[in-house]
Amino acid sequence: MAERRGEMLRAAVEQIEMRGVAAFRVSDVASALGVSNALVLYHFSTKEKLVAAAFAHAAEGDLAHLRKLLGRRTTALRRLRSAVRWYAPTGRAEGWRLWIEGWAVALREPALREVTRDLDRRWKAALTEVIAQGVAAGEFRCPDPAASALRLTALLDGLAVQLTSYDGAVPRTRAREWADEALARELGLDRKALKAPVQ
(Lines give C-alpha, C1' and ligand atoms only; values in the text may rest on other atoms or scores of the structure.)
Protein backbone atom coordinates (compact mmCIF):
# COMPACT_ATOMS: atom_id res chain seq x y z
CA MET A 1 0.00 0.00 0.00
CA ALA A 2 2.74 2.48 0.97
CA GLU A 3 4.78 1.48 -2.10
CA ARG A 4 1.80 2.04 -4.41
CA ARG A 5 1.11 5.41 -2.80
CA GLY A 6 4.77 6.38 -3.27
CA GLU A 7 4.59 5.45 -6.96
CA MET A 8 1.52 7.64 -7.35
CA LEU A 9 3.21 10.57 -5.63
CA ARG A 10 6.32 10.28 -7.81
CA ALA A 11 4.15 10.08 -10.93
CA ALA A 12 2.13 13.10 -9.78
CA VAL A 13 5.30 15.15 -9.26
CA GLU A 14 6.52 14.22 -12.76
CA GLN A 15 3.16 15.10 -14.32
CA ILE A 16 2.94 18.43 -12.48
CA GLU A 17 6.47 19.33 -13.57
CA MET A 18 5.58 18.45 -17.16
CA ARG A 19 2.05 19.89 -17.40
CA GLY A 20 1.73 22.42 -14.60
CA VAL A 21 -0.85 22.30 -11.84
CA ALA A 22 -3.61 23.94 -13.89
CA ALA A 23 -3.49 21.27 -16.61
CA PHE A 24 -2.77 18.37 -14.25
CA ARG A 25 -5.46 15.66 -13.98
CA VAL A 26 -5.86 12.58 -11.83
CA SER A 27 -6.10 10.61 -15.07
CA ASP A 28 -2.52 11.69 -15.93
CA VAL A 29 -1.23 9.77 -12.91
CA ALA A 30 -3.51 6.81 -13.62
CA SER A 31 -2.33 6.63 -17.26
CA ALA A 32 1.33 6.95 -16.33
CA LEU A 33 1.02 3.99 -13.94
CA GLY A 34 -1.48 1.92 -15.94
CA VAL A 35 -4.10 1.99 -13.18
CA SER A 36 -7.63 3.33 -12.89
CA ASN A 37 -8.64 6.83 -11.82
CA ALA A 38 -10.64 5.16 -9.05
CA LEU A 39 -7.51 3.59 -7.57
CA VAL A 40 -5.73 6.95 -7.48
CA LEU A 41 -8.78 8.56 -5.86
CA TYR A 42 -9.01 5.68 -3.37
CA HIS A 43 -5.60 6.77 -2.05
CA PHE A 44 -6.09 10.56 -2.24
CA SER A 45 -9.88 11.17 -2.57
CA THR A 46 -9.53 14.46 -4.54
CA LYS A 47 -7.22 16.05 -7.07
CA GLU A 48 -6.44 18.82 -4.56
CA LYS A 49 -5.33 16.29 -1.93
CA LEU A 50 -3.20 14.48 -4.51
CA VAL A 51 -1.51 17.75 -5.54
CA ALA A 52 -0.83 18.71 -1.91
CA ALA A 53 0.54 15.24 -1.14
CA ALA A 54 2.75 15.35 -4.26
CA PHE A 55 4.26 18.65 -3.18
CA ALA A 56 4.75 17.33 0.37
CA HIS A 57 6.53 14.29 -1.11
CA ALA A 58 8.81 16.52 -3.19
CA ALA A 59 9.47 18.74 -0.17
CA GLU A 60 10.53 15.77 1.96
CA GLY A 61 12.95 14.70 -0.76
CA ASP A 62 14.50 18.17 -0.90
CA LEU A 63 14.72 18.39 2.88
CA ALA A 64 16.35 14.96 3.12
CA HIS A 65 19.04 16.09 0.70
CA LEU A 66 19.50 19.33 2.64
CA ARG A 67 19.91 17.38 5.90
CA LYS A 68 22.53 15.21 4.21
CA LEU A 69 24.50 18.27 3.05
CA LEU A 70 24.25 20.05 6.40
CA GLY A 71 24.99 16.90 8.41
CA ARG A 72 28.43 16.31 6.94
CA ARG A 73 31.42 16.24 9.27
CA THR A 74 33.14 19.40 8.09
CA THR A 75 33.12 23.11 8.85
CA ALA A 76 29.91 25.09 8.97
CA LEU A 77 31.20 27.21 6.09
CA ARG A 78 31.69 24.18 3.83
CA ARG A 79 28.25 22.84 4.74
CA LEU A 80 26.61 26.21 4.04
CA ARG A 81 28.43 26.60 0.74
CA SER A 82 27.36 23.12 -0.32
CA ALA A 83 23.75 23.77 0.61
CA VAL A 84 23.55 27.20 -1.02
CA ARG A 85 25.23 26.01 -4.21
CA TRP A 86 22.95 22.97 -4.41
CA TYR A 87 19.80 25.01 -3.73
CA ALA A 88 20.69 27.90 -6.03
CA PRO A 89 19.01 27.74 -9.45
CA THR A 90 22.50 27.40 -10.98
CA GLY A 91 23.20 24.31 -8.89
CA ARG A 92 22.01 20.71 -9.07
CA ALA A 93 18.69 21.18 -7.31
CA GLU A 94 15.88 20.02 -9.53
CA GLY A 95 12.27 20.96 -9.50
CA TRP A 96 12.35 24.76 -9.57
CA ARG A 97 9.48 24.70 -12.10
CA LEU A 98 7.55 22.52 -9.66
CA TRP A 99 8.09 24.94 -6.75
CA ILE A 100 7.21 28.01 -8.78
CA GLU A 101 3.97 26.26 -9.76
CA GLY A 102 3.42 25.38 -6.11
CA TRP A 103 3.89 28.94 -4.88
CA ALA A 104 1.36 30.20 -7.44
CA VAL A 105 -1.28 27.61 -6.58
CA ALA A 106 -0.66 28.03 -2.83
CA LEU A 107 -2.16 31.52 -3.09
CA ARG A 108 -5.56 29.86 -3.52
CA GLU A 109 -5.15 26.39 -1.97
CA PRO A 110 -4.78 26.31 1.84
CA ALA A 111 -3.46 22.71 1.93
CA LEU A 112 -0.71 23.49 -0.54
CA ARG A 113 0.03 26.79 1.18
CA GLU A 114 0.77 24.86 4.37
CA VAL A 115 3.11 22.47 2.50
CA THR A 116 5.09 25.30 0.90
CA ARG A 117 5.16 27.29 4.14
CA ASP A 118 6.42 24.26 6.06
CA LEU A 119 9.19 23.61 3.51
CA ASP A 120 10.21 27.27 3.65
CA ARG A 121 10.21 27.29 7.46
CA ARG A 122 12.25 24.09 7.74
CA TRP A 123 14.77 25.18 5.09
CA LYS A 124 15.36 28.51 6.86
CA ALA A 125 15.60 26.79 10.27
CA ALA A 126 18.26 24.39 8.95
CA LEU A 127 20.34 27.24 7.49
CA THR A 128 19.90 29.29 10.67
CA GLU A 129 21.17 26.41 12.79
CA VAL A 130 24.34 25.91 10.71
CA ILE A 131 25.05 29.64 10.59
CA ALA A 132 24.72 29.75 14.39
CA GLN A 133 27.10 26.77 14.67
CA GLY A 134 29.66 28.58 12.52
CA VAL A 135 29.39 31.70 14.65
CA ALA A 136 29.80 29.65 17.85
CA ALA A 137 32.88 27.94 16.37
CA GLY A 138 34.40 31.31 15.44
CA GLU A 139 34.40 30.54 11.70
CA PHE A 140 32.62 33.75 10.77
CA ARG A 141 30.53 36.59 12.16
CA CYS A 142 26.78 36.91 11.82
CA PRO A 143 24.75 38.95 14.33
CA ASP A 144 21.37 37.50 13.26
CA PRO A 145 21.52 33.99 11.73
CA ALA A 146 17.74 33.82 11.19
CA ALA A 147 17.70 37.10 9.25
CA SER A 148 20.67 35.95 7.18
CA ALA A 149 18.92 32.68 6.33
CA LEU A 150 15.82 34.62 5.27
CA ARG A 151 17.79 37.02 3.05
CA LEU A 152 19.74 34.17 1.43
CA THR A 153 16.65 32.13 0.62
CA ALA A 154 14.80 35.20 -0.65
CA LEU A 155 17.64 35.92 -3.08
CA LEU A 156 17.88 32.31 -4.24
CA ASP A 157 14.11 31.99 -4.69
CA GLY A 158 14.02 35.24 -6.68
CA LEU A 159 16.89 34.12 -8.89
CA ALA A 160 15.09 30.82 -9.45
CA VAL A 161 12.04 32.65 -10.75
CA GLN A 162 14.20 34.74 -13.10
CA LEU A 163 16.20 31.79 -14.42
CA THR A 164 13.27 29.39 -14.71
CA SER A 165 10.60 31.74 -16.04
CA TYR A 166 12.60 34.15 -18.21
CA ASP A 167 15.20 32.39 -20.32
CA GLY A 168 18.34 34.50 -20.54
CA ALA A 169 17.17 37.13 -18.03
CA VAL A 170 20.19 36.51 -15.81
CA PRO A 171 23.29 34.62 -16.97
CA ARG A 172 23.86 31.55 -14.80
CA THR A 173 27.44 32.57 -14.04
CA ARG A 174 26.22 35.96 -12.81
CA ALA A 175 23.55 34.33 -10.62
CA ARG A 176 26.21 32.03 -9.12
CA GLU A 177 28.43 35.04 -8.39
CA TRP A 178 25.54 36.85 -6.70
CA ALA A 179 24.76 33.81 -4.53
CA ASP A 180 28.42 33.56 -3.46
CA GLU A 181 28.62 37.30 -2.80
CA ALA A 182 25.46 37.20 -0.70
CA LEU A 183 26.71 34.25 1.37
CA ALA A 184 30.08 35.92 1.97
CA ARG A 185 28.40 39.21 2.94
CA GLU A 186 26.00 37.51 5.38
CA LEU A 187 28.93 35.73 7.06
CA GLY A 188 31.21 38.76 7.20
CA LEU A 189 33.76 37.04 4.94
CA ASP A 190 35.74 38.02 1.89
CA ARG A 191 34.36 36.24 -1.17
CA LYS A 192 37.75 34.57 -1.65
CA ALA A 193 36.90 32.43 1.39
CA LEU A 194 34.29 30.70 -0.80
CA LYS A 195 36.68 29.90 -3.65
CA ALA A 196 37.90 26.49 -2.44
CA PRO A 197 36.18 23.56 -4.19
CA VAL A 198 33.06 22.24 -2.47
CA GLN A 199 33.20 18.51 -1.69
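Read along the sequence, this protein follows the pattern α-α-α-α-α-α-α-α-α. That amounts to nine helices and zero strands, where helices (H or I, at least four residues) and strands (E, at least two) are DSSP runs numbered from the N terminus. The model is predicted, so to speak, on these terms: local features need pLDDT of at least 70, side-chain atom pairs count only at pLDDT 80 or more, and totals for chains, interfaces and linings use all residues. Residues are numbered from 1 along each chain as its sequence is written, and side-chain values use heavy atoms, with hydrogens and water left out.

Let's start with the whole protein. Its C-alpha trace spans about 55 × 35 × 30 Å along the principal axes. Of its 199 residues, 43% count as buried, a word that stands for under 20% relative accessible area, with exposed over 50% and partly exposed in between (1.4 Å probe, protein chains only).

Now look at helix H2 (residues 26-33). Here Val26, Asp28, Val29 and Ala30 are buried. Their cover includes helix H1 (2-19), helix H3 (37-44) and helix H4 (47-70). Just after H2, Gly34 has a positive phi of about 70 degrees.

The axes of H6 (residues 96-106) and H8 (residues 145-165) come within 10 Å and cross at roughly 110 degrees. These axes are lines fitted to C-alpha atoms over the stretch in contact, and angles run from 0 to 180 degrees between N-to-C directions. H6 is therefore roughly perpendicular to H8, a label for 65 to 115 degrees; under 35 is roughly parallel, over 145 roughly antiparallel and the rest oblique. Trp96, Arg97, Ile100 and Trp103 in H6 are in contact with Leu156, Asp157, Ala160, Val161, Thr164 and Ser165 in H8, contact being heavy atoms within 4.5 Å.

Finally, the aromatic rings. Rings of Phe, Tyr and Trp (its six-membered ring) pair if their centres lie within 6.5 Å; planes under 30 degrees apart count as stacked, over 60 as edge-to-face and the rest as tilted. By this rule there are five aromatic pairs, including these two:

| Ring pair | Centres apart | Angle of planes | Type |
|---|---|---|---|
| Phe55 and Trp99 | 5.5 Å | 65 degrees | edge-to-face |
| Tyr87 and Trp96 | 5.1 Å | 70 degrees | edge-to-face |

Phe55 lies in helix H4 and Trp99 in helix H6, so their pair ties together parts that are 44 residues apart in sequence. Both Phe55 and Trp99 are buried, and Tyr87 and Trp96 are buried as well. Ring pairs also link Trp86, Tyr87, Trp96, Trp103 and Trp123 into a cluster.
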